[in-house]
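Dear colleague,

I am handing over the structure we spoke about, and below it you will find my notes on what was found. Please read them with the coordinates open beside you.

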Amino acid sequence: YKLPNTAIPLKDVLISRRGNALSMPWGIDDEFISAVDNAAAEEVTKLVGSPNNDKASLLLLQLVAGRLVHDIRSHLFQQVTRSEHRHPTIRLISAHDTTILPLLVALGIYDNRWPPFCACCTIELYKNKHDHEFYVRVCYNGATSAHIAAEAGYFYVAKSILPFQEFIAL
């Protein structure tokens, strides 16, 4: 398939049409939509940087996802440093796919696929009752371990539970 100069707007239109049960233009099939989806993911990966450790990629990633990552880290630090931990807390952040994708890159779990409709990334903070240390688990679209599991054409990736300080160092 020959794709336009930028695949992102075309992907948005096609995915929206499919999500709203609207008919596709003539000649557009699942294979074409998949090709557009992959091209859009590749395009955004180039725009937001990659998990490489080169200075330019890290700077670009900080510009794109830095504020969200800072907010998440700040909230986790706040929970870890609280003097009392009687009740669990929850913090919900809603974001578009173009925000989730750089977050996945920053967390090191981006799988080079555009986040699907209603994608969900959870960052869970746990306190060990025995050693009183804190641990963090990242889940993406239901995955709860550090493996990639395919289901319905999408890949779900997660990180194993990490000690808090190791997670913050990511």
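A residue counts as exposed when its relative accessible area is over 50% and as buried when that area is under 20%, with partly exposed in between. By that cut-off F117 is exposed, because its relative accessible area is 74%. F117 is found in the loop between α4 and β1, and its C-alpha atom is separated by 7.8 Å from that of D97, which is 20 residues away along the chain.

Before going further, please keep in mind that this is a predicted model. The mean pLDDT of the chain is 77, and 77% of the residues reach 70 or more. Among the elements, strand β1 (residues 121-127) has the highest mean pLDDT, at 86, whereas strand β3 (residues 149-151) has the lowest, at 46. The pLDDT is below 50 over residues 147-156, although this stretch has 20 contacts in the model beyond near neighbours in sequence. Where pLDDT is low, the predicted coordinates should not be read in detail.

As to the overall layout, the chain has five helices and five strands, and from the N terminus on these run α-α-α-α-β-β-β-β-β-α. Of its 170 residues, 32% count as buried. Taking the contacts between residues at least 6 apart in sequence, 50% join residues that are at least 24 apart.

The largest nonpolar core has 31 residues, and W114, F164 and F167 are those with the most contacts inside it. At least two residues of this core come from each of α1 (8-19), α2 (30-48), α3 (55-81), α4 (97-107), β2 (134-140) and α5 (164-168). If neighbours within four places in sequence are left aside, F167 is in contact with L76, L107, I123, V136, V138 and L162. Just after α4, G108 takes a positive phi of about 80°.

Strands β1 and β2 pair in the antiparallel sense over seven bridges. Within this pairing, I123 stands opposite V138 in β2, and L125 stands opposite V136 in β2. The hairpin of β1 and β2 has six residues between the strands, and in this hairpin H132 takes a positive phi near 60°. Six of the seven residues of β2 are buried, so this strand is largely enclosed by the rest of the structure.

What kind of aromatic pair do the rings of F77 and F164 form? The structure holds one aromatic pair, and in it the centres of these two rings are 5.3 Å apart while their planes stand at 90°, so the pair is edge-to-face. Since F77 lies in helix α3 and F164 in helix α5, the pair ties together parts that are 87 residues apart in sequence.

The structure holds zero disulfides. C121 is in no disulfide, and the nearest cysteine sulfur, that of C120, is 7.3 Å away. For C139 the closest cysteine sulfur is that of C121, at 8.3 Å, which is too far for a bond, because a disulfide needs the two sulfur atoms within 2.5 Å. As for accessibility, C121 counts as partly exposed, at 23% relative accessibility, whereas C139 counts as buried, at 5%.

With best wishes

Technical notes: Residues numbered from 1 in each chain as written. Predicted model: local features only at pLDDT ≥ 70, side-chain atom pairs only at ≥ 80, totals over all residues. Heavy atoms only, no water. Core = buried A, V, L, I, M, F, W, Y, C linked by side-chain atoms within 4.5 Å. Buried < 20%, exposed > 50% of the residue type's maximum accessible area, 1.4 Å probe, protein only. Helix = DSSP H or I, 4+ residues; strand = E, 2+ residues; numbered from the N terminus. Contact = heavy atoms within 4.5 Å. pLDDT = per-residue confidence, 0-100. Phe/Tyr/Trp six-rings, centres within 6.5 Å; stacked < 30°, edge-to-face > 60°. Pairing = 2+ DSSP bridges.
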